[in-house]
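Here is a friendly briefing to read alongside the model. Please take a look at the structure first, and then we can go through it by topic.

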Amino acid sequence: MSFEISLLQFVAFLDLLAVGLIVPLIPNHVKQMGGSQLYIGLLGSIYAGFQLGAGPLIGSLSDIRGRKPILLLTLLVCSVAYMTLGLTSSIAIIFVLRAVLGLFKQTQLLTKALVPDYEKVESKQSQIYGKMAAISGVGITLGPIFGGHIVEDYPLYGFTIIGAIVSTFFLINAGLIYMLPKTDCIIKTKAQTKDVSQNFFQSLLSGIKQTFVELSKVEWLKYWKIFMFQALNSFAMGVYYSSYALYLKTQFGLTPKNIGYVVSIQGVIGAISSFFMGRINSLYVHDKDYSIRNNHVFLLLSMSLLGICLAFNIYMYSILLIPLAVGNAVGRLVTLEMVLKRSKGDHRGTLIGASNSVRSLTGVIAPMVAGFIGEFFGISYVLYASFFSTFVGLIFSYQFRSKQSKVD
């Protein structure tokens, strides 16, 4: 593995370690500042909403202006935003900062888009994405543990300390990305033929204008089915994650400490599954378009979620988390590979951005659906919405698989 790929993997790890440090603490921090549950819910919706619009925009801008400089810009903005988040005592400012972070926090998107620039062999890219997801999964698993200890040891200034640490992590990542060598990728910009003395704002407006031109060039009809699969998968997981803590507490009487252990188990299994993505792909040599893998992911998710809905004790629930974590981890990578397989490389950043926007959209919708079901039908019925989503995906993915096999 090249130095550049290893560096990108470390950047992805440090990014999610930083996120894991601070994001789980934001709701309690806002509550201590006098914020209501409505405010806490709106914070998540604002972030997801801005991610929804920013994904394709930042991705396409990276196709136009270059992935490395755009990634550097987003890392520096996030560093300032997280430092301010740790220092502020205003809920209004926190709302603004979450909007800014929703717009610029595209590190995972851009690091994935950079991989093919340093690894040209397509067969190795899938393994790299899998290992990157696994390493990142370790970061997001360790982050909440460290963050919880810091806040507990320093109750008055713990959140400020964490804000400073996270800000430093993003600065380190910016330095590492700056170290990456230049690539031979063509940056499609008209700025090369214009006056070099063009000021920043004119350059930015020109870049945004050309971004929308690039978005219009993508053959979206070619990818809508894949985005539909991703939406069904993401919606199912969004509903599950927005309600699992309350579900475990009400159904099985688990304490927050025990819930943490259950979540950690799922995170570890997901990370291991992502790490062995290359081995999993070796079992599907003849599945060139990933349609069979996609169908098997929905089958695995449907069976595990149905079992979880019917589980009568925590042991059965925990066992069924294994296939659920595997299906979720593999499913994310499979849909990414399906998109990249159909792209010609020119709009890679745009498509990955659109892919992230699908997840962001479900991140806005899923908690509201879970809350509606829990409020009017009871928490025990919330997970059936997750099962229904994956079951619909199972039906459509089987039809898609059958059509693809006939085409081949």
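A residue is called buried when its relative accessible area is under 20%, exposed when over 50%, and partly exposed in between (1.4 Å probe, protein chains only). This is a predicted model, where local features need pLDDT of at least 70, side-chain atom pairs count only at pLDDT 80 or more, and totals for chains, interfaces and linings use all residues. Residues are numbered from 1 along each chain as its sequence is written, and side-chain values use heavy atoms, with hydrogens and water left out.

**Salt bridge**
- The structure holds one salt bridge (a side-chain nitrogen of Lys or Arg within 4 Å of a carboxyl oxygen of Asp or Glu).
- Its partners are Asp15 and Lys105, at 2.9 Å from N to O.
- Asp15 sits in helix α1 and Lys105 in the loop between α5 (91-104) and α6, so the pair links distant parts of the chain, 90 residues apart (helices are DSSP runs of H or I, at least four residues, numbered from the N terminus).
- Lys105 is buried at 7% relative accessibility, and Asp15 is buried at 0%.

**Helix packing**
- Helix α1 (residues 3-22) packs against helix α6 (residues 107-118) at about 175 degrees, with the axes 10 Å apart (lines fitted to C-alpha atoms over the stretch in contact, with angles from 0 to 180 degrees between N-to-C directions).
- The two helices are therefore roughly antiparallel (an angle over 145 degrees).

**Gly267**
- Gly267 lies in helix α11 (residues 256-275) and is partly exposed at 26% relative accessible area.

Technical notes: Angles under 35 degrees count as roughly parallel, over 145 as roughly antiparallel, 65 to 115 as roughly perpendicular and the rest as oblique.
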